[in-house]
Structure formats: C-alpha cells, structure tokens
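Subject: Handover of a structure and summary of findings

Dear colleague,

I am passing a structure to you with this message.

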Amino acid sequence: MKKAVAAVVTALLTIMLCVCMTACSTGIVGTYKFESMSMVSGGLSVEIKAGQEYNGVKVSEDAYKLEVKGDNTFVLSINMGTEASVEGTWEEKDGKYYFTAEGEEMEVTLDGSKVIFEQDGAKITLKK
C-alpha cells in the first residue's frame with residue numbers, strides 16, 4: 001500500500017512540475033542587451049559589436065536595452081551618448097512577434113536567447 005501511495009504521489013509531483021515548467025516558460029519575456037548591429041553607412045557595410053568603438057564612442061551592451069514584460073508591454077532604452085526610451089506593446093501571431101510603439105509595428109525575431117529586429121537597413125541583435 002505504501003508503495004502505491006508513493007508511486008501516485010511521485011506521479012502527481014512529476015505532472016505538477018511539467019505543468020509548472022510549461023506555464024512558466026516565458027518565451028520572449030525578459031531583458032535583452034545590445035550584442036551587435038550591422039548596417040550600410042556611406043555605401044560601406046558596417047558591423048558594430050558591444051565593447052567596440054564607433055565614431056569615437058565606445059558602444060556598450062547598455063547602448064540598447066529591451067525589457068519585454070509578461071503583460072505584453074515592452075520598454076526599449078537607447079543610450080548612445082544621449083538617452084531615449086520607447087514604450088509599447090507586443091504580441092505573438094503565428095509564431096512571430098510584433099512590437100508596436102508610437103503607431104509603428106515591427107516584426108521581431110526570437111532566435112534562442114537573442115531578439116533581432118531590422119529597420120531602415122539596420123539589423124540590431126540583442127541578447128538575454
């Protein structure tokens with residue numbers, strides 16, 4: 001009898017753990033910081049990585065900071081000599097993520113622990 005009760009309790013705990021892990025899986029939710037940016041500037045392809053200098057300014061991982069929240073909102077902070085931030089909402093549709101701020105919608109790609117967005121010929125990669 002004790003073995004049967006122990007087996008049932010173990011099975012229930014295993015099921016509860018699986019449900020919790022699935023429910024707590026956050027997908028895109030989290031904080032991401034600048035990893036790299038690629039763009040075309042003056043007809044030349046330029047790639048900037050965190051820690052490198054660009055136009056005399058050292059670009060740190062805090063140059064871009066994206067906080068994606070579980071309530072489907074986000075805050076993007078930019079610190080490239082001057083500071084700015086944008087707040088908006090995000091949603092997942094058909095396995096893709098869409099961020100909307102100031103009336104503009106942008107598709108954001110989730111690639112493992114990285115988010116990638118492209119706009120106006122620039123590709124920015126942020127890492128969790």
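The notes below go from the overall fold to the core, the aromatic rings and the charged pairs.

Please keep in mind throughout that this is a predicted model.

Overall fold

Read from the N terminus, the order of elements is α-β-β-β-β-β-β-β-β-β-β-β. The chain has 128 residues, of which 25% count as buried. Its exposed surface comes to about 8,800 Å², and carbon and sulfur atoms supply 53% of that area. Among contacts with a separation of 6 or more, 38% are between residues 24 or more positions apart.

In soluble globular proteins, nonpolar side chains tend to be buried together. In this model, the largest nonpolar core has 25 residues, and those with the most contacts inside it are Ile28, Phe34, Tyr64, Leu66, Phe99 and Leu126. The elements that each give two or more residues to this core are strands E1 (30-41), E2 (44-49), E5 (64-68), E6 (73-79), E8 (96-101), E9 (104-111), E10 (114-119) and E11 (122-127). Strand E1 provides the largest share, with four residues.

Phe34 deserves a separate note. Leaving aside residues up to four places away in sequence, Phe34 touches Ile48, Lys49, Ala50, Val59, Ser60, Glu61, Ala63, Tyr64, Ile124, Thr125 and Leu126. Two of these partners, Tyr64 and Leu126, are themselves named among the core residues with the most contacts.

Aromatic rings

There are three aromatic pairs in the structure. One of them joins Trp90 and Tyr97: the ring centres are 5.9 Å apart and the planes stand at 50 degrees, so this pair is tilted. Trp90 and Tyr97 are both buried. A further ring, that of Tyr98, has the charged end of Lys93 sitting over it, 4.8 Å from the ring centre.

Charged pairs

Side chains of opposite charge can pair when their charged atoms come close. The count of salt bridges here is four, and three of them are described below.

Lys114 forms a salt bridge with Glu35, with the closest N and O atoms 3.2 Å apart. Lys114 belongs to strand E10 and Glu35 to strand E1, so the pair ties together parts that are 79 residues apart in sequence. Lys114 counts as partly exposed, at 26% relative accessibility, and Glu35 is also partly exposed, at 23%.

Lys93, already mentioned for its place over the ring of Tyr98, takes part in two salt bridges. In the bridge between Glu91 and Lys93, the closest N and O atoms are 3.6 Å apart. Glu91 is partly exposed, with a relative accessible area of 34%, and Lys93 is likewise partly exposed, at 34% relative accessibility. The bridge between Lys93 and Glu105 has an N to O distance of 4.0 Å. Since Lys93 lies in strand E7 (residues 83-93) and Glu105 in strand E9, the pair ties together parts that are twelve residues apart in sequence. Glu105 counts as partly exposed, at 47% relative accessibility. Through shared partners, these salt bridges join Glu91, Lys93 and Glu105 into one network.

With kind regards

Methods:
Residues numbered from 1 in each chain as written. Predicted model: local features only at pLDDT ≥ 70, side-chain atom pairs only at ≥ 80, totals over all residues. Heavy atoms only, no water. Phe/Tyr/Trp six-rings, centres within 6.5 Å; stacked < 30°, edge-to-face > 60°. Buried < 20%, exposed > 50% of the residue type's maximum accessible area, 1.4 Å probe, protein only. Lys NZ or Arg CZ within 6 Å of the ring centre and 35° of its normal. Core = buried A, V, L, I, M, F, W, Y, C linked by side-chain atoms within 4.5 Å. Contact = heavy atoms within 4.5 Å. Areas by Shrake-Rupley, 256 points an atom, 1.4 Å probe, with all protein chains shown as cover. Salt bridge = Lys/Arg side-chain N within 4 Å of Asp/Glu carboxyl O.
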